[in-house]
Structures are given as C-alpha cells and as structure tokens.
Amino acid sequence: MIRILDILKKIALFEGLEDSDLSKVSQVTKERFCPKGTVLFKEGDIGDAFYLLKEGKVEVLKKDGDAEKVIKTLSHTDKDSFFGEMALVGGAPRNATLRTAVDSTVMVIAKGDFDMMLRLNSFIALRIMTALSSRFRAAAPETPAETKLGKLVVAFSPKSGAGKSVFAANLAAGLAKMGQAKALLVDLDLQFGDLAFMLDLHPKRTIADLVENPTDKPEVLKEYLVDHKSGFSVLAAPKKPEQSEMINSSHLRAFVELARKHFDYIILDTHSFFQDLTINAMDMADAIFLLMLPNMNHIKSMHQCLKVMENLKYPPDKIKLVLNREGAQYSRSLEEIETAMKRKADFTLKDSWKQISELIEHQKTVFEQDASCDYAAGMVRIMEFLTGKKFAKDTKKTWLGNLFGG
Ligand SMILES: Nc1ncnc2c1ncn2[C@@H]1O[C@H](COP(=O)(O)OP(=O)(O)OP(=O)(O)O)[C@@H](O)[C@H]1O
Ligand SMILES: [Mg+2]
C-alpha cells in the first residue's frame, strides 16, 4: 500500500492531494493480473480508467496505416509507467493502444469508482480541480481581442437560502429590461432548482435534454431555452433530481463556450456545495457573487468560503461579496459583519420582504412590479458594476417612465 501512495503522489492529477486524500484514492484502486498480450485499451477508445503498472512490462502501440506499431515499451521501474490519468476527469479518446508485453500486474482506477469517491469526498474533488484549473490556466491560449464574448456571472453561497436564486433571476431581468442586454439565466441547482417555477415558465426542455443532444449551433441551443417576458432566456434545471447526474463539467464548459458567443451575460445560479461542476463554473466566471445573510452562521461559513477562494487563486477582483437582506429584523449590522469578516462587503441588498415574496408567491421579478424598491436599487448598483453603464438618477426616470408608460 505504501508504494501505491508513493506512486500516486507523483501523478500530476493528484498533486494537490494530502496523504489522507491519497489513501482514499488508493481504496478505489484495484489490482488486476494481466497475462502477456492483454490489451488494456485501444487507440481511439473513450478513456474510462486510469492504469498504473505495478509489475511487468507494457507496449505502447500506435496505428500505422492498417497495422499497429510498437512505439515504446515500459517497465514498472520506469517513472512514467502510468497511463490515462485524464480519463478520470475528461473521458477523452485514447491516443495509443496499451498491451502487456509479459505477464504483468496493473493497478486500475475505474472512472465510475473514482467519481463515486469524489462524490463522497467533495474536498478531494476541490483539491483536484484546483490543481487542474491552474494547469489549464497556464496552458490556455489568449482569446483574440476582437472576439466578443459574453460575461459569465456565478451566484454562489456556502449556506443555502442566502438568496442566490432570487438574485440570479432579478439580475437577468434587470440586465434585459434596463440594460437592454441579451441575458441567459442557467439553473445549475441541478437537483432542486426552481428558477423556471419561480418565473412562471414552463420549459419543454431542460439542461438534461441539452447534454443528451450536444450542439455547437446557436439556433439549436435556442430550442432548449425558454424566454421570459422581460426579454431574457432561461435554461431550466432537469425535471427529475436523478437527471442531475447526467451533467458533467465538460458539458458545462462546452455549453458556456457556445452561449458566450451569443449572449452578453450568462448568469449561473448554483447550489451551496463545492463540487466539480460549481468549481468549473467559478473557474470560467468573470465575476463570482458570494451571497450571505446577516447572521452568525453565514459569517462563519462565508469566512471559510473566502479561504477556499483564496486557495483557488482567483484574482481578488473576481470575487464580490454581497450582503443580502441587510437590515432584516434581529440581524447583525453591516459594520459588525465587516469587522467579523475582516473584509468589506462589495454590495448590499436590503431586506425587502414584501417585494421578494411577490416573486415567490406571484412569480414576478422586482423589475416587473416595484422597480423603485430598495432591493431593485441594490441590483441596479450591481448592474452598473457589470455593465459599466449608469442606470441610476436620470436614466432611472426614463426607464421608470417606460415601465409605467409615463
Ligand atoms: N433581499 C431579500 N429580502 C427578503 N427576502 C429575501 C431576500 N432575498 C431572498 N429572500 C428570501 O429568502 C428565501 C431564499 O431565497 P433563494 O431561494 O433565492 O435562496 P437560495 O440561496 O437560492 O437558496 P437555495 O440554496 O435553497 O437554492 C426566499 O424565499 C426569499 O423569499
Ligand atoms: Mg436557489
């Protein structure tokens, strides 16, 4: 077992892991005896396992016309005698065939077992994603300046009920209505997301249908969206919680890449859990809005959450702390919170029970009902930050006039 830990430690995919994490990885590692001539995988197969040579020799073969040619032979004493680590996170096609050259013993981590282990150990997932995302960041080509790309905005909170969904829905509505922007709201609360219901929408298709039929065509993407009367589009959460398992981070990345070319803003509502999908979303985001309520539980969790953001090495500018429900009865004051957090809140949203309950009860955003309420005023400041435009004062008169026909 000691040797396996030592070997796992050297694998780039696991470089961010601690010993206790590695021993969990080793628990899903299975030993397999493979007689001489066993084909472990074939070139072109979609990778579904990671292999580590414990004893023996393997041949790496590549297609050469109709035949296959051995391009190298590796023995268990070679330092690169492991294969296909990225199959555990990506599922990309194998770029060569692997065959045992003598009777050998291999250690195998099957993607299914690895995924299950990650689901039970979200912090291992977090550490792997952190290491991976810094590698991607280092390798990512610069986007050409002339390519117009929509901004990706993520709403997240470490505690549930902080107001992410209300925030995301109103932000999309405000950007569409006041900002005249093309906004797309995506419900990434995959098991129990209720944005469509909250907005009185009845989507025929959801994100689960989209990942079943991936596309790179904007007109096809549109078929999976549902339009809100305020002028923004919504990609709804799956209809059944069990469908949430269908959506992985590669789907998310592909879908966001396409959506960025056709929308000015893509707003992702999430659930309060660090996992592969949420971290991928945050990684790609231009801005992450971290929402919290003015009470001790939220202060404590947000403190921990900000530490994780620091470990993820996001530029501090990308993270915006939003104190929601400021001024609610029995709540902590803004000053108390900022002192406890040793950090300023970037934005505050007032407690607006009456207006917000309208959204929950009557399925209307604040921009459709009381656009002059305190909550809307807070949203306007956030929209001004995102768009770089000014909506307050003079413009407010005009759009209020437009809204109410005055
Ligand atoms: N500024 C506010 N003023 C008053 N009530 C609010 C405000 N923001 C949110 N709420 C209330 O808080 C409740 C939770 O909001 P919301 O569903 O947006 O939270 P969430 O973070 O998405 O929760 P979950 O983690 O369960 O998805 C809602 O019922 C809403 O009525
Ligand atoms: Mg929610």
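Modeller: A salt bridge is a side-chain nitrogen of Lys or Arg within 4 Å of a carboxyl oxygen of Asp or Glu. This is a predicted model, where local features need pLDDT of at least 70, side-chain atom pairs count only at pLDDT 80 or more, and totals for chains, interfaces and linings use all residues. Residues are numbered from 1 along each chain as its sequence is written, and side-chain values use heavy atoms, without hydrogens and water.

Biologist: What makes Arg99 and Glu59 a salt bridge?

Modeller: Their side chains meet at 2.9 Å, N to O, and the limit is 4 Å. Arg99 lies in strand β7 (residues 97-100) and Glu59 in strand β4 (residues 57-64), so the pair ties together parts 40 residues apart in sequence. Strands are DSSP runs of E, at least two residues, and helices are runs of H or I, at least four, numbered from the N terminus.

Biologist: Why is Glu59 called buried?

Modeller: Buried means under 20% relative accessible area, exposed over 50%, and partly exposed in between (1.4 Å probe, protein chains only). Glu59 has 17% relative accessibility, so Glu59 counts as buried.

Biologist: Why is Arg99 called partly exposed?

Modeller: Arg99 has 27% relative accessibility, so Arg99 counts as partly exposed.

Biologist: What makes Asp113 and Lys30 a salt bridge?

Modeller: Their closest N and O atoms are 2.9 Å apart. The pair links distant parts of the chain, with Asp113 in helix α3 (residues 111-120) and Lys30 in strand β1 (residues 29-34), 83 residues apart. Asp113 has a relative accessible area of 26%, so Asp113 is partly exposed.

Biologist: How many salt bridges does this rule give?

Modeller: The count comes to 18.

Conventions:
Chains are lettered from A and ligands numbered from 1 in the order in which they are written.
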